[in-house]
Amino acid sequence: MEIDVLGPPYERHTIDLGTDDEGPVVATLVRRRADRPSRRAVLYVHGFVDYFFQTHLADFFVERGWDFYALDLRKYGRSLLPHQTPNFARSLSDYFPELDEAARIIREADGHDQMLVSGHSTGGLITALWAHARQGRGVIDGLFLNSPFFDFNVPWVVKRPLMAAVVGVSGRTPYRKIPTASLGLYGESLHTDHRGEWTYDLAWKPIAGFPVTAGWLNAIRRGQRRLRAGLSIDAPVMVACSTRTFRGRAWSEDIRITDVVLDVEHIVRWAPGLGPRVTIARFDGGIHDLTLSGKEVRTVVFRELARWVDAFLPAPGTPEIDVPPPPEDRTDDKSEATA
């Protein structure tokens, strides 16, 4: 580990992933340890046109005694190399090797017994598919999905016929740029240079986003189809999103209190199919990244997340809850006396 760009106490480790058709590939694991030795860890995975900069999220977990890790996926943020197409992937399973290695480091090298995975937007889709693929191995103890990218927020005619035609040629021209709506309104609502309260590297997370490629579009489409067919994640899952979606194309103050990127009803619709233990939480006034919402809203988000973690991921060694026996298995003094 070396000192991260965020400075102490953040460290980072570069994961060598070999090469692809563009050249060398790496991912970057960022670590911040709790003040006291901990056997519990959280692994955060960012969304599209994103990277880890949300230090207040790390503060939340560290203050609760968890070691915090964040993974900048290949071709994102700290892992984006000069020769690469930003955020490009041919399949969402391309990200599984860095997730596997991050989990290995957290569990084996750093000695954690418990791991919560936190995925935002595209990271929520990727980690859900990964958790399903790794079921039965004891890798993941819980999954927190912050506005996961379960479906495209576009009209049916775009989502089905037009998108099918575009991705049909993705095998031949995967790096072809696809015209899409800009993420500019969302970017403006976040960054301090515009209308927001957050500071981050605009080279890694530009206001208008990076161009969408045919290969990436096809990877997302196939991943979403797999998810909507139903997964079997064997760890408890919390799916969180806003209560409202923004539909306009010009700036409005409503952008500060709604999801301007995804349709939140899609998230709620597909969440139950993740596995047998899914909790859905909706937050009035929340934006796309709930942890970047206004101060009052994100306070509620963190409070609810803390309650869920305490309920579904108690610290190792916590006594199990005593469950009373069913009536037919009970014996009482009267029945014994009668016998």
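I started at L43 and found that its bridge partner in β5 is Y69. Strands here are DSSP runs of E, at least two residues, and helices are runs of H or I, at least four, numbered from the N terminus.

Before going on, I noted that this is a predicted model: local features need pLDDT of at least 70, side-chain atom pairs count only at pLDDT 80 or more, and totals for chains, interfaces and linings use all residues. Residues are numbered from 1 along each chain as its sequence is written, and side-chain values use heavy atoms, without hydrogens and water.

Next, the strands. I see β4 (residues 40–45) and β5 (residues 67–72) pairing in the parallel sense over 5 bridges; pairing takes at least two DSSP bridges between two strands. Both belong to an open, mixed sheet of 9 strands, ordered β1-β2-β3-β5-β4-β6-β7-β10-β11.

Then I looked at helices α2 (residues 96–109) and α3 (residues 122–133). They pack at about 70 degrees with axes 11 Å apart; axes are lines fitted to C-alpha atoms, for helices over the stretch in contact, and angles run from 0 to 180 degrees between N-to-C directions. So I call α2 and α3 roughly perpendicular (65 to 115 degrees). F96, L99, D100 and A103 of α2 touch I126, L129, W130 and A133 of α3, contact meaning heavy atoms within 4.5 Å.

Last, confidence: pLDDT, the predictor's per-residue score from 0 to 100, averages 92 over the chain. I noted that it stays under 50 over residues 335–339. Where pLDDT is low, predicted coordinates should not be read in detail.

Technical notes. Parallel < 35°, antiparallel > 145°, perpendicular 65-115°, else oblique.
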